[in-house]
Amino acid sequence: MELYLPDFAYQNGAIEKGTAVAVENGRIVETGPAEALRQTYPHAEKKDWAGLVLVPGTVNAHNHCFQSLLRGIATDRPFLEWRDEALYRYSQRFSPEDIYTGALFAFGEMLKCGVTTVCDFFYLHNFGTESDEQILRAAHDLGIRLVLARTMYDWTGAPAGYVETIEDAVENTRALAKKYNGSGMATVLPAPHSLHAASLDMVRAGHALAKELDTCFHIHVAEEPFEVEQVKREYGGLTPLEVLDKAGVLDARTVIVHGVWLQKSEIERLGAAGGKLAYCPSSNMFLADGITDIPAMRKAGVLIGLGSDGACSNNRISVFEEMRMAALLQKANTCDALCLTYKDAFAMGTENGGELLGLPVGKLEAGYFADFVGVRLSDLSMQPVSPSGEQILPNLVYAMQPTAIAHVVVNGRQVVENGALLTVSEQKLVSEIARTMAHLRGEA
Ligand SMILES: [Zn+2]
C-alpha cells in the first residue's frame, strides 16, 4: 500500500488542502485528511508529494495515434484536402513497426501532458489485427491505460488498409476484445468510422457487437457540412442522427465524435437517447470544421468528454489544453462567460471522460483506478498560490503549461517522474521517429 501526501488534492469539483490518497493494487482505497490516513495506514509506503497538487489523470476521449507522425504535414488546408494530402498519401506506407513507433510517440507525449487514459480510434488495420496489436503493445510498454476503439470501415474510396468486410471487421474486433478486455488496462470496442466511411449495415454490426461485448461504440458524426449533405443525399433527406436513430443504433452505448453540424432537434434526440459526445475543440478549429453547440448539448443532457483528436489536426495532444480551448471557444461563440466554466471543463476532461468510456477513472475516489497527476505549484504557470488554494483549479485549466506536470501515476505505477518518462527512453524514441519518417517519406 502507498500513501500519497501532496499539499493539495482535487476532490468533488474543488481543491482541498492536506488531503491524502491511499492506494493498493492499482486502486484508490481511501482519500481524506493526511493525519487520519497516516493513522489508519501506519505501514503504508509514504509518497512525499510536498509542493504538488494531486489531480485525477485526464482522459483523452478521442485520438488517432498514428497521426502524430503526420504532424506538420498538409497544415492550413480544408478538411478534404488535409485528408488526402496527409492521411491518404502516407497511410499505405505504415509498417507494423511504424505504427508501434507512432503509438509510442503519441501516448508518450500524452503521458507527459497528464493523460492517463486514451481512447484511440484506430483504422489502419492493414488486413488483420497485427497493426492493432502494435497500438496495444505500445500502450502496455508505456503503462498508459488504453481504450482501442477499433474502427469498422467499408468505404472503398479510402486506402485499402482501412477497409474490411463486415464479417472481418466483426471477427477481428471481437477476437481482440476477447483477448484484452477485463484487465482494465486495455479495452477493445467497436467503432464504425462514420456514415460516410461505413455502410449502415457496418454501423448496425458495430452496435450489435458493442451490445454483445457490453461496451459503448464510437462513431464520427457531423464533423463537416459535406458529411451531412452526403448523408441527406444517400438516406432520402434524413440527417445523420435521424439515420442512426432509425437504424436502432442510437442509445446509451452511443458515443458520437464531433457533432459539429447537428440541428437542435438532433441534439435533443441524442440527449433523450442517453448518447454521449467526445468533443474535440482544437481539432474542430484546426480543420475549420465549425463550433459544436455545447450549451445545447448540456441542456439536452448529453454527457461530454474531451478529445485531442489526431496530432496532425490539433496539433497539441493535451487534454488540459482541450479544457482551456473548450471553455474559451464556447465563451467566444455565445458571449456568455458562464456557458462553460473551468469546473465544467475540468470535469469534462476527467470524470466525464471516464464515464463516457465506461471506466472507473477520472475521479479520486475509493474504488477508482489509481490514475493521477502531480502538478508542481512552484511552476510559474501555476502561480500565484494562496494558502487556501482557491486559484489552483482555474489556473490548471486556463494557465498551466506542461512544464508544471511533475509526476504521473497510472494504475498505481509511476510512469512520469519530474516531467520525464520512466518506462520508455525519450532519446531512443526521438531517433525511432526520425527513422520512421525516413521510411514514410520513401528514403529508407
Ligand atoms: Zn477522429
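Biologist: Which residue of β14 is the bridge partner of Val 55?

Modeller: Val 373. This is a predicted model, so the pairing is read from predicted coordinates.

Biologist: What makes β5 and β14 a strand pair?

Modeller: At least two bridges are needed between two strands. Strand β5, residues 45-56, and β14 have five. They therefore count as paired. The sense is antiparallel.

Biologist: How do you know that β14 also pairs with β15?

Modeller: The cut-off is again at least two bridges. β14 and β15, residues 405-410, share four, so they pair. Their sense is antiparallel too.

Biologist: Why is β14 called largely enclosed?

Modeller: Because four of its five residues, in the stretch 372-376, are buried. Buried requires 20 or more other C-beta atoms within 10 Å of the residue's own.

Biologist: What is the strand order in the open sheet, and is the pairing parallel or antiparallel?

Modeller: The order is β10-β11-β12-β13, and the pairing is parallel.

Biologist: Why are β10 and β13 called edge strands?

Modeller: β10 (217-221) and β13 (303-306) each pair on one side only. Neighbouring strands in this sheet are turned by 30° against each other on average, direction ignored.

Biologist: How do you know that β12 and β13 pair?

Modeller: Four bridges join β12, residues 276-279, to β13. The definition asks for at least two, so the pair qualifies. The two strands run parallel. Among the bridge partners are Tyr 279 and, in β13, Leu 306.

Definitions and conventions. Residues are numbered from 1 along each chain as its sequence is written. This is a predicted model: local features need pLDDT of at least 70, side-chain atom pairs count only at pLDDT 80 or more; totals for chains, interfaces and linings use all residues. A residue is buried if 20 or more other C-beta atoms lie within 10 Å of its own, exposed if 12 or fewer, and partly exposed in between; C-beta atoms are placed from the backbone. Axes are lines fitted to C-alpha atoms, for helices over the stretch in contact, and angles run from 0 to 180 degrees between N-to-C directions.
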